[in-house]
Amino acid sequence: MNLRIPGPTPVPAAVAQAGAADMINHRGPEFAAIIRRTTAGAQQVFQTKNAVLTLTASGSGGMEAAVVNHVAPGERVLVVTIGVFGQRFLDIVRSYGAEPVELAFEFGSAADPALIDDALKANPDIRTVLITHNETSTGTTNVYLPQVSEIVHRHDALMIVDAISSLSSIPVLTDEWDLDVVISGSQKGWMTAPGLTFVSVSDRAWARQETNPMPRFYFDLRRAQSALERGETPWTPALSLFFQLDKALEMMLAEGLEAIYERHHRLARMTRDGIRALGLELLAGEGLESDTVTAVKIPEGVDGSKFTKVAREEFGTVFAGGQGPLRGKIFRFGHLGHVHEEDIRAGLVAVEKTLVSLGYAVANRA
Ligand SMILES: Cc1ncc(COP(=O)(O)O)c(C=O)c1O
């Protein structure tokens, strides 16, 4: 099977093998060496000197950690949404008794920094802004993140960023862009199985945690930080995933971040060119297309509900469908992590064959 969803992504054989190692004592010296190494590696990938905490949870756990540690019950927060994953922040914030003020942008577009400025001017009580960097549901990157960060800090607010499907594949300059809390997830560009989430914390964010009255336990980042100082995690970590991550980071840092970004950009362009050559349209606006996932509109006359089933059953390729209001209207082609030209070429051929099987007259052959 060619797994072309935007996470979980294929794991290199050496990483899978690393994960098969025997268990060790998670409170012993071997694990301390591993977590110190993976934390230093993650800080390089995050491009930060801030603390980066690795939690045993999926990306949504990292998002929940960001909320419970920095948002108070009853607090009004600005949630900037450009798709389904931005909306997840709304749900988490509401679940903890805080009040989201949503600033929604049309699916396929990026957040307009000027409108964020207006929203913060109109709501001077807001001290926290939550935003998605790369919207996996629409294949769109919020390209104005550095400008947004500057505005958020001008209003003395904290900037919390879901970079789950971008960080490690697309540049996210945590320190240069002054991002307070940044979240990523192992099953995306990190070439590791699902189950670890990474959360970086700035000095401003640590200060907020000290006075935040929100109850928290498993995801208390102060506990994670004090355990990390001993070379441990507060609770039993997913050891096999740490073994995988250790190997994956070794491979990533050997390739080099710039080379990784370049490879993702090149393969994304190849995907987009191939898709357009078939006469199909992308959901993301021009210049906003994600380098990790391409969202493609199902063409007129094709039954969108059948696309992923036919691609999987007849052509051995797994694409993701649309989520929420996009169900049946798009399919998503993932190109992040351990991905190479031949994977894209095979994916494009599968797209073409699937469309032909569903009765579409393709413009050009892939
Ligand atoms: C942008 C974004 N945010 C949040 C999530 C949720 O992460 P998880 O499914 O690992 O909980 C995902 C995963 O697809 C994502 O792509």
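**A covered strand and its surroundings**

Mentor: In this predicted model, L196, F198 and S200 point one way from β10, while T197, V199 and V201 point the other way, and all of them are buried.

Trainee: How many of the residues of strand β10 are buried?

Mentor: Strand β10 spans residues 196–201 and is mostly covered. Both sets of side-pointing residues, L196, F198 and S200 on one hand and T197, V199 and V201 on the other, are buried. The count of buried residues in β10 is therefore, with burial meaning 20 or more other C-beta atoms within 10 Å, six of six.

Trainee: Which residue of β10 stands opposite L53?

Mentor: Strand β2, residues 51–56, is joined to β10 by six bridges, and the two run antiparallel. Strand β9, residues 181–185, also runs antiparallel to β10, through five bridges, and there G185 has T197 as its bridge partner. Opposite L53, the residue in β10 is V199.

Trainee: Why does the largest nonpolar core lie between domain 1 and domain 2?

Mentor: This core has 104 residues, and V129, V161, V181, V182, I183 and V199 have the most contacts inside it. Helix α9, residues 239–255, gives the largest share, eight residues. The core lies between the domains because residues are given to it by both domain 1 (13–254) and domain 2 (256–357).

Trainee: Which elements give two or more residues to the shell around the ligand?

Mentor: Of the 13 residues around the ligand, S58, G59, S60, F85 and T136 come nearest. By class, the shell has two nonpolar, nine polar and two charged residues. The elements that give two or more residues to this shell are α3 (59–70) and α4 (84–95).

Note on methods: Residues are numbered from 1 along each chain as its sequence is written. This is a predicted model: local features need pLDDT of at least 70, side-chain atom pairs count only at pLDDT 80 or more; totals for chains, interfaces and linings use all residues. A residue is near a molecule or strand if its C-beta atom, placed from the backbone, lies within 6 Å of it. Helices (H or I, at least four residues) and strands (E, at least two) are DSSP runs, numbered from the N terminus. Ala, Val, Leu, Ile, Met, Phe, Trp, Tyr, Cys and Pro count as nonpolar, Asp, Glu, Lys and Arg as charged, and the others, Gly among them, as polar. A residue is buried if 20 or more other C-beta atoms lie within 10 Å of its own, exposed if 12 or fewer, and partly exposed in between; C-beta atoms are placed from the backbone. Two strands pair if DSSP finds at least two bridges between them. A nonpolar core is a set of buried Ala, Val, Leu, Ile, Met, Phe, Trp, Tyr and Cys residues joined through C-beta atoms within 7 Å. Domain bounds come from an automatic or database domain assignment.
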